[in-house]
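Thanks for coming. I will go through one structure today, the ligand and then some helix pairs. Please have a look at it before I start.

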Amino acid sequence: MVDRALLGFIGNTRKYIYQAVGFKCLNLIANIVFSYNFASILIYFLKGIFIVKFEISIFMIVVSLAVRQYCIRKVSMKNSLVVYEVKQNLRQEVYEKVLSMGTLFQEEMTTQEIVHLGVEGVEQLENYYGSYLTQFYYSFASAIILVVVIYPLNMWVALALLGASPLIPGFLYVILVMVKNVQRKYWSKYADVGNLFLDSLQGLTTLKVFKADEDRGTELDEMSEGFRKQTMKLLSMQLNTIMIIDWFAYGGSVLAILVALIQFKVGNIYSYELVVILLLIAEFFVPMRTLTGMFHVAMTGVTAGEKMLDFLYSDELVKRGNEKYPINAKIELKNMDFSYPDGECALKGVNMEFAPGEMVAIIGESGSGKSTLASVIAGEYRQPSGSIFIDNKDILEIDAYELNKNIIRITHDGHVFQGSVRENLLIGNFKATDDELISILEKVRLWDLFEQMDGLDTKILSQGKNISGGQSQRLSLARALIYDAEVYIFDEATSNIDVESEQIITDIIKSISKKKTVIYISHSLKSVENIQKIYVLEKGLLIESGNHCELMELGGKYRFLYDKQDELERFRQSSKEGEKYEKK
Ligand SMILES: Nc1ncnc2c1ncn2[C@@H]1O[C@H](COP(=O)(O)OP(=O)(O)O)[C@@H](O)[C@H]1O
Ligand SMILES: [Mg+2]
């Protein structure tokens, strides 16, 4: 009933839990003192006998009430300290795990799932750490204290309570095993609804454009309904168990009261003792009942916690060495296979070579595996061992940071962050000076634009919404230039942008290729004509390689694609001329 692995996150806050249990016990002792003195006053009114002096009784009652108030405050204070620290610990761990996995974390979970886990999952555990744990330990402590206090008053009543007390935790344990499944389903439905909702929210504009928002809405409705049903199932289970536990509690109390009455009848206890015993019996099952009330919410948290632990303790996806990335190194792919976790085989037996400072093109139709190849080389997906070599050294021997530092992949949708131009560029190298930043911006021909605005302090909106696609692409290229890697992989980096930006970026790529290794991926064959080494991919296989002339002569896939694009281009030209002619 107490999850060992989750206890691991308590760390330093264990002492607060013990202190909270301590204050709860003190509260109980104050309650016991109250019961004795209250019984004394009651007996005075019933029989006119003073067991304890009246003033003392009143004084003790007032003191015990004050102590109780104080304890209750202390308990909630200690509990909130636990929650505060544990939540931070958990979030820190999730965050560090994501960092340690680098870009590979996507293989384990989607970003949304991780956000969900780190925010919702941690919140769900609040009850577990904040009240359940304390109550759990206290339930046992209180049972022991009460039995010890009642025993001198009457042994048989104490034994009756002792006999009845394991029933509730025992029953809870049985329930725990039974509801595990319901709880898991509840949590996974919860996560599903959250994921779909976030995805829909992010794509709301698209959904509106395609008038698909209503369908999405229906889908969300259905999912929420499923979640509601699962919640109801859990709640009704919860209510049912509380009812059964109540039966146990009342049954236990009735039994103990009966024993007490019999003992009174046979003259083993006096009326004063009887009243004290009755008051204490009423107290006996309260902690267990409170625990039951918290039980289900806490256990839902535990289910979320287990999911979190699975993620935190999942094996490292790739074991890497700690070697440095060699300068001016040759990259070789030897018979490289790559499959996505869902089984899709995206690359088969690929052999390629990228000499230092060489510019190599990779072309192929959409879906042929170009981006996969680029991502695998850049370490964004699991790199297979014995297939990628940097100067004859397996890439897995190279330290993860070193790898990231030296191989960079630039796509057509490089992320531009909300913030200033300077902040966006400093991500590439936080040590760069303003002069360096300006000179890079001049290279990508953005400085003229930003100079007229606020210079390096020009504000950029999230995803570069206040600049054009081409400008935003040039800004992310500028960031990559500042980064100063050894190997640049341009994955369709000039797709979907205006002609002017395309020209600027192509020129820059050419100038980078004079100093660095460049892998240039494109579906446009016109743009690779002058590159001396061209690899042609088809369905994950390397089918042709050579320069433009050789490949044209070969008359294979390259030739086929080239002719097709050429024809398309000529068609475009002629239709443009046709338009001009018509206008005349
Ligand atoms: N994250 C992924 N999970 C599973 N399969 C993928 C993933 N990304 C791409 N694929 C599959 O791998 C193949 C190659 O895709 P990709 O490398 O993106 O092609 P290209 O960049 O040449 O258009 C395709 O069949 C695609 O469906
Ligand atoms: Mg691609």
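Predicted model: local features only at pLDDT ≥ 70, side-chain atom pairs only at ≥ 80, totals over all residues.

An oxygen atom of ligand 1 sits 3.2 Å from a polar backbone atom of Ser 368.

Staying with the backbone, Gly 367 has an N or O atom 2.7 Å from an oxygen atom of ligand 1. Ser 371 takes part through its side chain: an N or O atom there lies 2.8 Å from an oxygen atom of the ligand. As for how much of ligand 1 is covered, the ligand taken alone exposes 560 Å², and the protein buries 66% of that.

Now the wider surroundings. How many residues are around ligand 1, and which come nearest? There are 13, and the nearest are Gly 367, Gly 369, Lys 370, Ser 371 and Thr 372. By type, the shell divides into 3 nonpolar, 6 polar and 4 charged residues.

Which helix gives the most to that shell? It is H12, covering residues 370–377, and it supplies 3 residues.

That is the ligand. Next, the helix packing. Two packed helices are described by the angle between their axes and the distance between those axes.

H2 passes H10 in a right-handed crossing.

Next come H4, residues 111–124, and H7, residues 167–202. Here the angle is about 130 degrees and the axes are 10 Å apart. That makes H4 oblique to H7. The handedness of the H4 and H7 crossing is right-handed.

The remaining pair is H6, residues 155–164, with H9, residues 213–265. How are these two oriented, given that they cross at roughly 165 degrees? They are roughly antiparallel, because that angle falls over the 145 degree cut-off. The axes of H6 and H9 come within 9 Å, and their crossing is right-handed.

Key:
Residues numbered from 1 in each chain as written. Chains lettered and ligands numbered in written order. Heavy atoms only, no water. Near = heavy atom within 4 Å. Polar contact = N/O pair within 3.5 Å; in protein donor to acceptor, adjacent residues only side chain to side chain. Areas by Shrake-Rupley, 256 points an atom, 1.4 Å probe, with all protein chains shown as cover. Helix = DSSP H or I, 4+ residues; strand = E, 2+ residues; numbered from the N terminus. Nonpolar A, V, L, I, M, F, W, Y, C, P; charged D, E, K, R; others polar. Left-handed = near helix turned anticlockwise from the far one by under 90°. Axes fitted to C-alpha atoms, helices over the stretch in contact; angles between N-to-C directions. Parallel < 35°, antiparallel > 145°, perpendicular 65-115°, else oblique.
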